Amino acid sequence: MGNFLFPLAVFFAAIFTDNILLTNYLGMCSFLAVSKELETSAGLGVAVTFVLALTTPLNWAVYHLVLVPFQLEYLRFIVFIIIIAAFVQLIEMIIERYSENLYFALGIFLPLITVNCAILGASLFIVIREYSFITSFFFGLGSGIGWFIAIMAMAGIRNKLRGAKIPIGLEGAGIALIIAGFMAMAFMGFSGMIQIS
Amino acid sequence: MARTMVKKTFLTPLGKDNPVFVQILGICSTLAVTNKLANTMVMVLGVMFTTALSSWTISLFRKQIPTRIRMMVETLVIATYVIIVDIVLKAYNPEIWKQLGPYVGLIITNCIVMGRVEAFALQNKPSLSLIDGLASGMGYGYVLLIIAFVRELFGSGTIWGYQVLGAWWTKWAIMVMPPGGFFMLAIFIWIVHEGVLKEGKNG
């Protein structure tokens with residue numbers, strides 16, 4: 001595969017074959033907690049996609065331009081988490097100032113995102129897999145979209161399940177995990193599509 | 001008073017207030033690292049170390065930390081301990097470090113660590129917080145080890161890398177793949193909850 005197409009391949013892989021939620025299990029906590037309602041799921045999904053697409057290249061830049069030259073790679077956990085927290089805070093302030101509608105739609109989800117492991121996980125993946133800047137951006141964006149698709153599908157299914165009789169022990173998290181398992185199996189069907197890493 | 005308090009602090013996270021199957025926290029790593037018993041053990045030790053010591057540290061400084069920025073301080077303390085785990089693991093067992101990949105770093109965002117610090121360490125004495133953190137790590141740990149045991153046994157026919165089931169065993173490839181993790185955890189939660197309900201007391 002040509003270098004030119006690689007970021008695009010990573011983009012599609014992050015959505016389908018290497019879905020951050022269903023294959024790498026990242027962002028499970030908020031996934032299980034929020035996926036009860038379609039509307040809130042959509043809100044959180046958009047917020048996660050947005051933050052992922054921007055913090056991943058940002059962390060790439062800080063890692064390769066600051067930490068590597070000074071040989072401070074071991075500090076990356078602290079630096080990444082601070083950057084994510086600061087960035088989320090900044091976005092929250094900007095949105096609050098300029099768009100009231102967007103603030104009400106996304107506002108409550110933004111603080112949740114700092115502790116969403118998908119965000120930090122994506123930043124750690126790009127370091128381990130040695131992606132370039134452009135690839136990192138596409139990886140972040142693709143991961144976000146993949147997460148969005150997964151949570152929307154989950155919320156839809158859980159909506160349908162509302163009237164269903166579920167064994168008491170499985171209610172809540174149990175049934176959600178089983179659905180996620182089936183979704184993961186379905187997504188495994190994509191695995192012939194793109195082969196990276 | 002002190003004795004029973006210690007005992008209670010130690011036992012609740014293991015049973016009726018278990019972080020994994022009651023509070024449903026820390027699911028990411030529960031699923032991601034449990035396809036091999038050895039990896040799981042390393043992860044469990046890392047989480048126990050981090051929860052116990054960050055709870056202790058935060059509790060030690062709980063009167064000095066301003067409430068407004070406490071989240072930031074907590075994150076920094078947790079991240080410091082995770083870095084220690086990461087460096088030690090990389091130095092002594094690079095093989096497992098490589099397999100665990102980003103999940104060691106992701107202990108930082110493991111809700112159990114943050115949850116214990118927020119819910120317990122901010123109000124309690126350092127020694128008690130240390131016990132609480134350690135017990136929470138253990139409550140998380142034994143669930144992971146059980147799941148990893150089943151997944152590795154059925155998925156690869158091995159325990160801790162040693163072949164136990166012979167060549168006649170058809171490996172359940174799905175067990176070591178992502179869906180297997182979801183199903184195993186769901187079944188585990190189901191069994192525990194049905195068991196709890198039947199007995200009507202802590203499980």
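Follow chain A along its sequence and you get the pattern α-α-α-α-α-α-α-α-α. That's nine helices and zero strands, where helices (H or I, at least four residues) and strands (E, at least two) are DSSP runs numbered from the N terminus. Keep in mind that this is a predicted model: local features need pLDDT of at least 70, side-chain atom pairs count only at pLDDT 80 or more, and totals for chains, interfaces and linings use all residues. Residues are numbered from 1 along each chain as its sequence is written, while chains are lettered from A and ligands numbered from 1 in the order in which they are written.

Now for the overall shape. The C-alpha trace of chain A spans about 60 × 45 × 30 Å along its principal axes. Of the 197 residues in chain A, 47% count as buried, meaning that 20 or more other C-beta atoms, placed from the backbone, lie within 10 Å of the residue's own.

Next, the contacts (two residues whose C-beta atoms, placed from the backbone, lie within 7 Å). Take those in chain A with a separation of 6 or more: 80% of them join residues 24 or more positions apart.

What about the partner chain? Here, 32 residues of chain A are in contact with 33 residues of chain B. On chain A's side, helix 2 (28-34), helix 4 (76-98), helix 7 (117-128) and helix 9 (173-188) each supply at least two residues. Helix 9 of chain A gives the largest share, eight residues. This side of chain A divides into 26 nonpolar, six polar and no charged residues; Ala, Val, Leu, Ile, Met, Phe, Trp, Tyr, Cys and Pro count as nonpolar, Asp, Glu, Lys and Arg as charged, and the others, Gly among them, as polar.

Conventions:
Buried ≥ 20, exposed ≤ 12 C-beta atoms within 10 Å, placed from the backbone.
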